[in-house]
Amino acid sequence: LSVQLHESDPLDREKCQKRSQALLRLFQSLFSSVALFSMNEPVLKPHLSTIVRECLSHASKAEDSCNFLYLLRALFKSLTNGKHELQFEMLYRDFMPLLEHVLNGLLGLYHGPLRIVHGELIVELCLTVPARPSTIFPYLNKQLKPMVWALEGGRDTVHMGLRQIEFWVDTLQPSYLNQLL
């Protein structure tokens, strides 16, 4: 994960970028394999927390943080695209304690200099954190601002924000939704 951070020679910048791209593709393959073959879930489980925490940490410090954000997006997409409700149960349980840290970290990234270049990607990450509805409900207040930012963004993020609103309307009790909004 920290390949980009430890390369100090400016002449090796291109080499570092190629290596980072290769690592990103490797992680994406790993995440896809977990989605296709559930027996790979225990392989990813002990590394989930490290991957998430290191990506957030490096994204806030790295000169070029896009690959760390893309890595998080690949992880989130693979976990949220499960075929059935019990898929990724081990990973969801390991992700639960990270949820508040992830949302706070992403909101911090959005309020920093990364917003200019990666604002829509950060908003997407905020709205697609992998969590079951019962787990994410206590943190919906942290998703309100990203949802509003999504509605102010480009076509894809507007669509994502509208899907999030639809999910809330379909899932939440009217009294809780009214209190939240």
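The exercises below, each with a worked solution, concern the helices of a predicted model and the residues between them. Because the model is predicted, local features need pLDDT of at least 70 and side-chain atom pairs count only at pLDDT 80 or more, while totals for chains, interfaces and linings use all residues. Residues are numbered from 1 along each chain as its sequence is written, and side-chain values use heavy atoms, with hydrogens and water left out.

**Exercise 1. The chain as a whole**

Solution: Begin with the assignment, in which helices (H or I, at least four residues) and strands (E, at least two) are DSSP runs, numbered from the N terminus. Next comes burial, where buried means under 20% relative accessible area, exposed over 50% and partly exposed in between, with a 1.4 Å probe and protein chains only.

**Exercise 2. Helices α4 and α5**

Task: describe how α4 and α5 cross and which classes of residue make up their contact.

Solution: Two packed helices are described by the angle between their axes and the distance between the axes. Axes are lines fitted to C-alpha atoms, for helices over the stretch in contact, and angles run from 0 to 180 degrees between N-to-C directions. For α4 (residues 48-61) and α5, the axes come within 8 Å and cross at roughly 145°. The crossing of this pair is left-handed, a term used if the near helix is turned anticlockwise from the far one by less than a right angle, whereas right-handed is used if clockwise. The residues of α4 in the contact are Leu-48, Ile-51, Val-52, Cys-55, Leu-56, His-58 and Ala-59, and they meet Phe-68, Leu-69, Leu-71, Leu-72, Leu-75 and Leu-79 in α5. By class, there are 12 nonpolar residues, one polar and no charged, where Ala, Val, Leu, Ile, Met, Phe, Trp, Tyr, Cys and Pro count as nonpolar, Asp, Glu, Lys and Arg as charged, and the others, Gly among them, as polar.

**Exercise 3. Helix α8 and its two partners**

Task: determine the orientation of α8 relative to α5 and relative to α10.

Solution: Take α5 (residues 66-80) to start with, whose axis and that of α8 come within 10 Å and cross at roughly 30°. That angle makes α5 roughly parallel to α8, since angles under 35 degrees count as roughly parallel, over 145 as roughly antiparallel, 65 to 115 as roughly perpendicular and the rest as oblique. The α5 residues in this contact include Cys-66, Arg-73 and Lys-77, and those of α8 include His-118 and Glu-124. The residues divide into eight nonpolar, one polar and three charged.

Turn now to α10 (residues 140-151), where the axes of α8 (residues 114-127) and α10 come within 9 Å and cross at roughly 135°. The two helices are therefore oblique to each other, and their crossing is left-handed. Val-123, Cys-126 and Leu-127 in α8 meet Gln-143, Pro-146, Met-147, Trp-149 and Ala-150 in α10. This contact has seven nonpolar residues, one polar and no charged.

**Exercise 4. Individual residues**

Task: decide whether Leu-24 and Leu-107 are buried or exposed, and find which residues each touches beyond four places in sequence.

Solution: Leu-24, in helix α2 (residues 13-36), counts as buried because its relative accessibility is 8%. Leu-24 touches Asn-67, Tyr-70 and Leu-71, not counting residues up to four places away in sequence. The C-alpha atoms of Leu-24 and Leu-71 are separated by 6.2 Å, although the two are 47 residues apart along the chain.

Leu-107, in helix α7 (residues 99-111), is buried, with a relative accessible area of 15%. With the same exclusion of residues up to four places away, Leu-107 touches Cys-126, Lys-142, Pro-146 and Trp-149.

**Exercise 5. Cysteines**

Terms used:
Contact means heavy atoms within 4.5 Å.
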